[in-house]
Amino acid sequence: MNKPLVGAFLAALLLGAGVAPAVAAGPAGSTSEVSAEAAPQTKYTAPDTVPAAKAVTFAGTVALSNCSGSVVRSPDAAPTDPALVLSNGHCMESGFPGPGEVVVDQPSSRTFTLLNASGSGVGTLKASKIAYGTMTDTDLSLYELTSTYQQIEDSYGIQALELETAHPTAGTAITIASGYWKRTYSCDIDGFVHQLKEGRWTWKDSVRYTPECQTIGGTSGSPVIDDATGKVVAVNNTGNESGQECTDNNPCEVDENGEVTVREGINYAQQTYNMVPCIGAGSKIDLTREGCALPKP
């Protein structure tokens with residue numbers, strides 16, 4: 001996993017206090033902050049023409065005490081619904097949930113620093129509960145806030161990021177916006193991993209980035225945003241740091257035939273389109289809704 005605090009502090013120590021982590025040179029059209037990953041399992045051919053990308057900012061992202069996150073909404077969310085914050089399951093204050101463990105409606109008073117477009121903190125949001133959290137099949141947490149979407153917009157002029165409802169495609173230009181570091185990474189979706197194994201955990205249909213996105217500790221939970229639509233398609237969660245096979249901080253890819261591939265330096269995310277069917281009226285998590293395939297307790 002992109003370690004919540006340790007990796008972030010080490011990066012800061014290596015570069016000097018108050019200095020952002022080093023970045024790799026990115027491809028033409030990437031943002032000023034990018035990172036590096038390794039060769040993909042299946043490559044795509046870039047199109048001759050690329051639609052103009054929307055400018056991705058920090059508006060709607062949040063900084064946690066140890067991770068990144070974002071205020072998100074389903075397409076059907078009402079302004080009066082309690083707002084939701086998306087992050088990783090491994091970023092929950094209750095600790096890493098074990099394999100098969102699913103957290104639902106757990107009280108929480110966690111706070112989040114809301115960022116504006118330029119990355120400045122404009123206010124503090126507070127959770128009422130962890131609405132959902134797991135590291136089984138995926139790595140995500142959804143916090144329900146004490147504020148509604150309308151209250152956040154009225155107070156700070158910031159709208160929630162919308163969740164995409166469809167499976168993303170390889171070759172999509174994306175931006176990973178880290179509220180913790182107040183920096184972005186730009187690259188493309190390189191492909192998808194049948195199973196991604198890291199230590200005790202297994203994630204399914206994970207997003208693999210192209211080599212430019214070298215996310216680090218503290219970027220865990222960052223929204224992965226489709227540059228063309230501005231919608232959230234995944235949540236950043238891990239990367240292979242030292243080339244080890246299937247160990248903590250060194251996930252490995254397992255294909256449909258059980259063949260294992262290790263890609264040192266490659267980073268990954270978990271898709272979020274599959275969350276949308278589980279969000280019901282009032283932006284409440286309802287695991288019994290039709291089409292909801294998230295792991296259940």
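The following questions and answers set values from this predicted model against the definitions behind the words used for them.

This is a predicted model in which local features need pLDDT of at least 70 and side-chain atom pairs count only at pLDDT 80 or more, while totals for chains, interfaces and linings use all residues. Residues are numbered from 1 along each chain as its sequence is written, and side-chain values use heavy atoms, with hydrogens and water left out.

Q: Why is Asp227 called buried?
A: Buried means under 20% relative accessible area, exposed means over 50%, and partly exposed is in between (1.4 Å probe, protein chains only). Asp227 has 11% relative accessibility, and therefore it counts as buried. Asp227 lies in the loop between β12 (223-226) and β13 (232-239), where helices (H or I, at least four residues) and strands (E, at least two) are DSSP runs numbered from the N terminus.

Q: What makes the pairing of Asp227 with Thr175 a polar contact?
A: A polar contact is a pair of N or O atoms within 3.5 Å; within protein, one must be able to donate a hydrogen and the other to accept it, and residues adjacent in sequence count only if both atoms are side-chain atoms. The side chains of Asp227 and Thr175 make such a contact at 2.7 Å.

Q: Why is Val104 called partly exposed?
A: The relative accessible area of Val104 is 33%, so this residue is partly exposed. Val104 belongs to strand β4 (residues 102-107), and, not counting residues up to four places away in sequence, it touches Ile130, Ala131, Tyr132, Leu287 and Pro297, contact meaning heavy atoms within 4.5 Å.

Q: How do you know that Cys187 and Cys213 form a disulfide, and why is it left-handed?
A: A disulfide is a pair of cysteine sulfur atoms within 2.5 Å, and the sulfur atoms of Cys187 and Cys213 are 2.2 Å apart. The torsion about their S-S bond is about -105°, so the disulfide is left-handed. This pair links distant parts of the chain, with Cys187 in strand β10 (residues 183-198) and Cys213 in the loop between β11 (201-209) and β12, 26 residues apart. Cys187 and Cys213 are buried.

Q: Which hand does the link of Cys278 and Cys292 have, and what parts does the pair tie together?
A: The sulfur atoms of Cys278 and Cys292 are 2.0 Å apart, and with 100° about the S-S bond the link is right-handed. Both cysteines lie in the segment after β16 (267-271), so the pair ties together parts that are 14 residues apart in sequence. A search of the whole structure finds 4 disulfides, and with the bonded cysteines numbered in sequence order the pairing is 1-2, 3-4, 5-6, 7-8.

Q: What makes the meeting of Glu144 and Lys129 a salt bridge?
A: A salt bridge is a side-chain nitrogen of Lys or Arg within 4 Å of a carboxyl oxygen of Asp or Glu, and the side chains of Glu144 and Lys129 meet at 3.8 Å, N to O. Glu144 lies in strand β7 and Lys129 in strand β6, so the pair ties together parts that are 15 residues apart in sequence. Glu144 counts as buried because its relative accessibility is 8%, and Lys129 counts as buried because its relative accessibility is 18%. Asp105, Lys129, Glu144 and Lys284 are linked in a network of salt bridges.

Q: How do you know that Glu164 has no salt bridge?
A: Glu164 is buried, and the nearest side chain of opposite charge, Lys231, is 4.4 Å away; Lys and Arg count as positive and Asp and Glu as negative, whereas His and the chain ends are not counted. Lys231 does form a salt bridge with Glu162, the closest N and O atoms being 3.7 Å apart.

Q: What makes a set of residues a nonpolar core, and which members of the largest one touch the most others?
A: A nonpolar core is a set of buried Ala, Val, Leu, Ile, Met, Phe, Trp, Tyr and Cys residues joined through side-chain atoms within 4.5 Å. In the largest, of 43 residues, Val62, Val71, Leu86, Phe112, Leu125, Leu145 and Leu294 touch the most other members. Apart from it lies another core, of 15 residues, among them Ile189, Cys213, Ile216 and Ala269.
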